[in-house]
Amino acid sequence: MELDETDRSILRILQEDARTPFSEVARRIDMSSATVHDRVNRMEEAGVIEGYHASIDPKAVGYGVSAFVGLRVEQGREEDALERLRDIDGVCEIHLTTGEWDVILKVVAANTDSLRELMFERVAEMEGFSRSQTMIILDTDYEADGPPV
């Protein structure tokens, strides 16, 4: 789908606050609510807009520790390993990468004991991984709400 500047303006507004009413979006870009609604529907159908989500502070819901985990996957075990990772509570993101690690996870845990348990009793016990490295996130200075539009 080819996006014009109006589509991009709508996306920027929704990225800032997905709960912005179409009437407010329309007012801000000087367009009718019906046109904004049609454009948003078109972008949803084309997969440009993948969904609407609440941004939740992990610490506020009991996750005091976040970490990135690099994993080396044994050749030929990728699909099975990735499927099992999706089932682990605390795994927030799974990224296939190039370089030293085949997979990078973002995980959350209540505390370092819970993180150790997640890594040693859940991930390390899984077949298909030959090596891992856990990097605890001390603080997050900036995190975008998606790609720039």
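Colleague: Which strands does helix α4 lie across, and at what angle does α4 run to β2?

Modeller: Keep in mind that we're looking at a predicted model. Helix α4, residues 78-86, lies across β1, β2, β3 and β4. Its direction is at about 160 degrees to β2. Helix α5 (residues 112-123) also goes across strands, in this case β1, β3 and β4, and runs at about 165 degrees to β4.

Colleague: OK, now the sheet itself. How do I read the strand order, and which pairing does the sheet have?

Modeller: The general idea: strands of a sheet pair through backbone hydrogen bonds, either parallel or antiparallel. Here you have an open sheet of four strands, ordered β2-β3-β1-β4, and the pairing is antiparallel. At the edges sit β2 (91-96) and β4 (129-137), each with pairing on one side only. If you ignore direction, neighbouring strands are turned by 20 degrees against each other on average.

Colleague: How many bridges join β1 to β3?

Modeller: Seven bridges link β1 (residues 65-73) with β3 (residues 103-109), and the two strands run antiparallel.

Colleague: Which residues in α1 and α2 meet?

Modeller: From α1 you have T6, S9, I10, I13, L14 and E16, and from α2 it's V25, R28 and I29. Sorted by class, that contact of α1 with α2 has five nonpolar, two polar and two charged residues.

Colleague: And α2 against α3: are they oblique or roughly perpendicular?

Modeller: The axes of α2 and α3 (residues 33-45) come within 8 Å and cross at roughly 105 degrees. Angles of 65 to 115 degrees count as roughly perpendicular, so α2 and α3 are roughly perpendicular to each other. On the α2 side, F22, S23, V25, A26 and I29 take part, meeting S33, V36, H37 and V40 in α3.

Colleague: One pair left. How do α1 and α3 pack, at what angle and how far apart are their axes?

Modeller: The angle is about 85 degrees, and the axes are 11 Å apart. That makes α1 roughly perpendicular to α3. The contact uses T6, D7, I10, L11 and L14 of α1, together with V36, R39, V40, R42 and M43 of α3. By class, you get six nonpolar, one polar and three charged residues in the contact of α1 with α3.

Colleague: Now zoom out. Which domains does the assignment give, and how far apart do their C-alpha centres lie?

Modeller: The domain assignment gives domain 1 as 5-46 and domain 2 as 58-137. The C-alpha centres of domain 1 and domain 2 lie 36 Å apart.

Technical notes: Residues are numbered from 1 along each chain as its sequence is written. This is a predicted model: local features need pLDDT of at least 70, side-chain atom pairs count only at pLDDT 80 or more; totals for chains, interfaces and linings use all residues. Side-chain values use heavy atoms; hydrogens and water are left out. Contact means heavy atoms within 4.5 Å. Ala, Val, Leu, Ile, Met, Phe, Trp, Tyr, Cys and Pro count as nonpolar, Asp, Glu, Lys and Arg as charged, and the others, Gly among them, as polar. Two strands pair if DSSP finds at least two bridges between them. Axes are lines fitted to C-alpha atoms, for helices over the stretch in contact, and angles run from 0 to 180 degrees between N-to-C directions. Domain bounds come from an automatic or database domain assignment. Angles under 35 degrees count as roughly parallel, over 145 as roughly antiparallel, 65 to 115 as roughly perpendicular and the rest as oblique.
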